[in-house]
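Please look over the sequence and the model below before reading on. The text then goes through the fold and its side-chain links in turn.

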Amino acid sequence: MVPRFLKHTQPFVLVVTFIALFGIAFLYSWPGDITGAAPVGKTCIVPDDETRISEPTVLCGGRYSLTRGLIVSGDNIIFDCDGAVLTGADEGYGLLLRGNNNHVKDCIVEHYQYGAYIEGQDNNLEELTLRNNDYGIFAKKQAKAYVYSTTFSNNQQDILDEGGNMFANNIFP
């Protein structure tokens, strides 16, 4: 049984509609473009001290002793730590965000003066764990950062916010 509204529809229109819907679904499922996964053909990286992140990057899961942390210097990128633990020497920063409009996620940052130091504008930080730092996050006034679903524990001060930043659904055990 064919629905009444389709009885007088040309087969060409149905084929074009199907192709258009299939194309949209295909684009939204393409790895690396919309989902934030590593771009096709790229693998994870193992960071060194002061590694500069300037393109979409995924860290290899693991534990890294980085006395000088990582610098996110690019714009409009997704940086996924994939659960990696960044451990410092109780000074400096674990993550320094200098770029703008970036998305940083799934990092565990411990034993730095600043777990995350945000200078750039419009950065999103999601599902981080910031523990055993002097300051979990320092966010400059002009940063307009959005920090959500982040766990803060055993920091001397969890958040040092100069104003204009948003914090939502964070966990303070």
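What follows is an account of a predicted model, taken from the sheet to the disulfides, the salt bridges and the aromatic rings.

The sheet comes first. Six strands make up an open sheet, arranged in the order β1-β4-β7-β10-β13-β16, and the pairing is parallel. At the edges are β1, residues 51-53, and β16, residues 157-161, each of which pairs on one side only. Direction ignored, neighbouring strands of this sheet are turned by 10 degrees against each other on average. At the β16 end, the partner strand is β13, residues 135-139, and the two pair in the parallel sense over four bridges. Within this pairing, I137 has I159 in β16 as its bridge partner.

A disulfide is a covalent bond between the sulfur atoms of two cysteines. The structure holds two of them. With bonded cysteines counted along the chain, the pattern is 1-2, 3-4.

The link of C44 and C60 is right-handed, with 90 degrees about the S-S bond. It connects distant parts of the chain: C44 is in the loop between α1 and β1, C60 is in the loop between β2 (57-58) and β3, and the two are 16 residues apart. How do the two cysteines C44 and C60 stand in terms of accessibility? C44 has 35% relative accessibility and counts as partly exposed, whereas C60, at 15%, counts as buried.

The other disulfide joins C81 to C107, with an S to S distance of 2.0 Å. The torsion about the S-S bond of C81 and C107 is about 70 degrees, so this disulfide is right-handed. C81 sits in the loop between β5 (78-80) and β6 (85-87), and C107 in the loop between β8 (103-105) and β9, 26 residues apart. Both C81 and C107 are buried.

Charged side chains give a further set of links. Side chains of opposite charge can pair when their charged atoms come close. The count in this model comes to four salt bridges. One of them is between E50 and R68, at 3.8 Å from N to O. This pair links distant parts of the chain, with E50 in the loop between α1 (11-29) and β1, and R68 in the loop between β3 (63-65) and β4 (70-72), 18 residues apart. E50 counts as partly exposed at 35% relative accessibility, and R68 counts as partly exposed at 43%.

The side chains of E110 and R63 meet at 2.7 Å, N to O. E110 belongs to strand β9 (residues 108-110) and R63 to strand β3, 47 residues apart. The side chains of R131 and E110 meet at 2.8 Å, N to O. R131 lies in strand β12 (residues 129-131) and E110 in strand β9, so this pair ties together parts that are 21 residues apart in sequence.

The last topic is the aromatic rings. A pair of aromatic rings is described by the distance of the centres and the angle of the planes. The structure holds six aromatic pairs. One of them is formed by F152 and F172, which are stacked, with 5.1 Å centre to centre and 10 degrees between the planes. F152 lies in strand β15 (residues 151-153) and F172 in the segment after β17 (166-168), so the pair ties together parts that are 20 residues apart in sequence. At 1% relative accessibility F152 counts as buried, whereas F172, at 47%, counts as partly exposed. Elsewhere, ring pairs link Y114, Y117, Y135 and F138 into a cluster.

Strand β15 also holds T151. Is T151 buried or exposed? T151 is buried, because its relative accessible area of 18% falls under the 20% cut-off. Neighbours within four places in sequence left aside, T151 is in contact with L128, T129, L130, I171 and P173.

Notes:
Residues are numbered from 1 along each chain as its sequence is written. This is a predicted model: local features need pLDDT of at least 70, side-chain atom pairs count only at pLDDT 80 or more; totals for chains, interfaces and linings use all residues. Side-chain values use heavy atoms; hydrogens and water are left out. Rings of Phe, Tyr and Trp (its six-membered ring) pair if their centres lie within 6.5 Å; planes under 30 degrees apart count as stacked, over 60 as edge-to-face and the rest as tilted. Buried means under 20% relative accessible area, exposed over 50%, partly exposed in between (1.4 Å probe, protein chains only). Two strands pair if DSSP finds at least two bridges between them. Axes are lines fitted to C-alpha atoms, for helices over the stretch in contact, and angles run from 0 to 180 degrees between N-to-C directions. Contact means heavy atoms within 4.5 Å. A disulfide is a pair of cysteine sulfur atoms within 2.5 Å.
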